[in-house]
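Trainee: Could you walk me through reading a few features of a model? I would like the general idea and then the case at hand.

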Amino acid sequence: MAAGRLGKLRRWAERNIVVGDGPRTGRPYRITGTPWAEVMDTVDDPDVQQVVVRGAVQSGKTALTIAAGLGHLAAGRSVLVYEPDDKLKRALAARIVTWGRLCRDEEVREAYLPKRPPHRRVTASGGSLEVISAREGTAGVFRTAEVVLIDELRLFPRDLLGDLIDRTASFGSKGRIMTVSSAGFEHECKTSTELEKSDKRHWFMKCANCGQESSPVWSNVVYAKRRYPIYSMACCGTALEGIPFRRAIEAGRWKPTKQAMVEGIVGFHADAFLSKFETLRTITRQWQRASAHRKQTSSMSEIISFQTGRLCVPYRPQDSGGVTPEAIRTSCREPYDPAVVPAEASVLIACVDTQDDRLEAEVTGWGVHEVAEDDATKIKGWHHHEFRGLRHEGRWYRLRRWGLAYKRFYGDPGNVDLWNELAQWVETPRPHATGPLLRPVTCAVDSGGHYGAMVSEFVKDRGAGYQALKGLPPQRFGAVLARRSVTEDVLTTYGENGLLLVCGNSGKSSIFSMLRQSIAGVEPRPCVWPMDESNYSIVEFESIVSEHLVRHLDKRTGATRLGWRKFMKHNEGLDLAYYSLAVASHLGIGFLLSEARAIEAAAERKLAA
């Protein structure tokens, strides 16, 4: 085979490659007549620089990668196969070694004679194939290749695609890149991002009744009260059972569904309907299993696995309990001036979240509202967490929160000037609706980031009123919202106020409980924001609704735990919200009531004067 245009790659693979593992071990690798045939031919097209495949699990994606790698190796090209980590690198290298040793092409078979290292092979004609891990120190830095193949792009810890494309730049128009992967979470699915840049080709099958073409979708599968599921064609409702449906799939073709955003990028969406290892019945059973698992455990894990692994659709987490940015924006606003502390608020609390390029800070007002005992005990979600002082002197109270000011301080957190600017903003007195001027009683600063030393120095220098804060996993102290640590080492590091330990699980669950009550119209609303959108826009509300509660497996103990998973880029708004709740809970309702009485006394003295 010539080293130029690889127009014969598919036919070479069918003549020379023998499957090395799986149910077809030892048989020729047949591609013609399958959806992968056009994918292999597209990899050969000199006008195509990138091929993106988003395929179902066990659909043959990795086998396609192996066949393409061995074919380019036989053609004298340099090939790099990227894997996310070392474990997958070793597994794929072992598979390629097995396939290479069974290959009928003598040059390839000779390259794969038993020798070390197994992940690096070279032929006499100049072809080379190497499997490397993204975790290697020199991965994608010193290596160049005419062809780069990426397996399971969604699992890469960071976005390496730009660096990998640079590895092919020295080969000009001959360089190309191919990525194969299943789908992932919508906000982090790198495969879907690349697929949107392409023409996004779907597999279309033709209806034998009316002749119209349509792409198979899960919503057209009918399985309720049926022993065998059927597929109902979207065009005319023709019902196809297992074998007729498989024949209709095999007779289909690829069609682009959009115009490519970038010329030279071709994408393929191959869900489980196209897999020769899946049938309509096995796909339906997998869905029924996932549905039963959700009903039994309230876990979305198998539903997510079905959607991303079988249907190849990125999973978009549902907002927790109906809490959406739009719902907060429309249902949790009240007509008050954020520059003036509301009359019902008795305490100001400031919280700061540290990022690599900025400080995000928020000042909130907190107060209490007395309720009847029955109303207090019926509040959904509150009885699951410890709120110290929720019951005080035989009376029941509920906390209330007012958003007053939200500001981002851009700059290097390692610079003292940025922290001085923050302190000046925090310590600016704010007028209370009854007359007195208030400052935050506590400014809690997150010390868990890369600037922990800077935070400890800042809170020690500022002294009273500044508190270092750190989040800990729930297994350390269960559902306790906040606890102060005053050990000798902590006092030396953070000053006389010690370190406030906060449980993220309890804090985030409690914030969402308050948000659900506010959206439902509980009066008075526990969480409110001003009508003025200068401080709080949809951006801040999106960062509050940036995580959802999922059940995950603890590999160390084998137990399943509930935890909050981030599904949006920014979650600082949620962190600041539960930081302030933790501080308010730690202060206690007794302190909030005493501050309210002090404000009333100050207002009365002012009126008397």
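Trainee: Is S173 buried or exposed?

Mentor: S173 is exposed, with a relative accessible area of 52%. Here buried means under 20% relative accessible area, exposed over 50%, and partly exposed in between, using a 1.4 Å probe and protein chains only. Keep in mind that this is a predicted model: local features need pLDDT of at least 70, side-chain atom pairs count only at pLDDT 80 or more, and totals for chains, interfaces and linings use all residues. Residues are numbered from 1 along each chain as its sequence is written, and side-chain values use heavy atoms, with hydrogens and water left out.

Trainee: Where is S173 placed?

Mentor: S173 is in the loop between α6 (161-167) and β6 (176-181). Such helices (H or I, at least four residues) and strands (E, at least two) are DSSP runs, numbered from the N terminus. The C-alpha atoms of S173 and G264 are separated by 10 Å, and these residues are 91 apart along the chain.

Trainee: How many disulfides does a search of the whole structure find?

Mentor: A disulfide is a covalent bond between the sulfur atoms of two cysteines. The criterion used is a pair of cysteine sulfur atoms within 2.5 Å. By that test the whole structure has 0 disulfides. Take C332: the closest cysteine sulfur, in C527, is 7.2 Å from its own, too far for a bond. C443 is in no disulfide either, as the nearest cysteine sulfur, that of C351, is 7.4 Å away. C332 is buried at a relative accessible area of 0%, and C443 is buried at 1%.

Trainee: What is the strand order in the open sheet of 3 strands?

Mentor: Strands of a sheet pair through backbone hydrogen bonds, either parallel or antiparallel. In this sheet the order is β9-β10-β11, with antiparallel pairing; two strands pair if DSSP finds at least two bridges between them. At the edges stand β9 (221-222) and β11 (239-240), each with a single partner strand, so one side of each has no neighbour in the sheet. Between β9 and β10 (residues 230-232) there are 2 bridges in the antiparallel sense, and V222 stands opposite I230 in β10.

Trainee: Which peptide bond is cis, and which residues other than glycine have a positive phi?

Mentor: Most residues other than glycine have a negative phi, and most peptide bonds are trans. The bond from E523 to P524 is cis, with omega near -10°, and P524 is in the loop between α17 (504-520) and β25 (527-530). E152 has a positive phi near 55° and is in the loop between β5 and α6. C312 has a positive phi of about 60°, in the loop between α10 (301-310) and α11 (325-331). E152 counts as buried at 14% relative accessibility, as does C312 at 0%.
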